[in-house]
Amino acid sequence: MTDQVEKACVIPGMAEYPRNHWYVIAFSREVGRALMRRDCLGDPVLLYRTAEGEPIALFDRCPHRGMPLSMGRLLGDVVQCGYHGFEYDSAGVCIKVPSQDAVPATMCVHRYPLVEKWQWLWIWMGDPALADPALIPDHRELGLEDPSLTSEPYFILPIDANYLLALENLVDATHITYLHEGNFDTGNVAAAPARLEQQGTLVRMIREFKNEPVPPMIREMLSLKGDRVDRSLILDNYSLNMFVVRFIFTEPDYPETGERVNNLVIAVTPGGPKSVYQFAAMAQTIPDRRPNRIQELETVLRQDKVALEAIQQMFDQLGPERCPEFSVKADANSLRTRSMIAEMVEAERATESNGARPKPLRRRSDRAVASERAFR
Ligand code: FES
Ligand SMILES: [Fe+2]
């Protein structure tokens, strides 16, 4: 890649997503015996739990006249539509039409495969026959099921922007110095050399800093003794929509402190063409119990939200022809993300049009490899 490359900008208008893929749709604690709607990949999804506690995800549209089922009510484990009272069991099959005895044999709503893992719910929006739970990222690796760390769910941040903008934001460390000035960083992330590594579906970006001053917030958060640290900043991207921002600190003057690990885990889920959710969780060596810790992190992620919504609005105002982008070397990871997603969508489309079942894409794209090489 040359230092500066012009690319046509088509991203914020893009409305397609890989469907044969697992996405976090909710924290476990959000879904209970009340009917709840959340959009995912442009589909309205109804979420609830059966009396036994099993989480259920159904297409949230009554096939009779199109009323959202989430506006109805739950009778036992059965959803009753709020318009004409048709009833659907937890498999999505219509079991009652109040105005007649017979129920049309094929009347049903789609039930999405759903897996409850750690403290969130993973949904599969594509071909149910391909919904292999083994494709969900390993939660021990994420830090959420690592016995040496304390993990907890934090919050959901909805952003009114295309999901690719959110994915790119999370693989891009160079904005930390400017957009989040003074929060995570003492001003040296943007210019620090980075190492890119790939292990299967994991893409890892590593930056290391030696003997640097520690921001007061981090010092307090990690109960550090001194004011200088060695620090690794690792951005891990698991199968495109799961991110772990790993901060690993050691104190050169107090080696007895050992290693302090702080993992910010973010699942990114498209709601629709211009909406995306970020589900934030934390896994830490020492649980951060300061009263404002969640608000502090939310403040930082809201800075991203403001930026991404402004970029989306600019695109909407000017249109794609007047929104060219100039990419630089540091954008290699973002460009890799774009091309991998475009290839996943293309592969799904191609197999669907061939009449064959789409397969989840697990291999690395040639374009991604080329862009990594250029980056090194
Ligand atoms: S729209 Fe649902 S019962 Fe008529
Ligand atoms: Fe950010």
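These entries record what I looked up in a predicted model of one protein.

**Conventions.** I number residues from 1 along each chain as its sequence is written. Local features need pLDDT of at least 70 and side-chain atom pairs count only at pLDDT 80 or more, while totals for chains, interfaces and linings use all residues.

**Confidence.** I looked up pLDDT, the predictor's confidence in each residue, from 0 to 100. The protein averages 86, and 87% of the residues score at least 70. The value stays under 50 over residues 1-13 and over residues 355-376.

**Cores.** I searched for nonpolar cores, which are sets of buried (under 20% relative accessible area, 1.4 Å probe, protein chains only) Ala, Val, Leu, Ile, Met, Phe, Trp, Tyr and Cys residues joined through side-chain atoms within 4.5 Å. The largest has 60 residues, and Cys-40 is among those with the most contacts inside it. Helix H2 (residues 163-171) gives the largest share of this core, 7 residues. I then listed the contacts (heavy atoms within 4.5 Å) of Cys-40: leaving out residues up to four places away in sequence, they include Tyr-23, Ile-25, Val-45 and Pro-270. A second, separate core of 22 residues includes Trp-22 and Trp-124.

**Helix H5.** Helices here are DSSP runs (H or I, at least four residues), and strands are too (E, at least two), numbered from the N terminus. Gly-319 follows H5 with a positive phi, near 80°.

Key
Chains are lettered from A and ligands numbered from 1 in the order in which they are written. Side-chain values use heavy atoms; hydrogens and water are left out. Buried means under 20% relative accessible area, exposed over 50%, partly exposed in between (1.4 Å probe, protein chains only).
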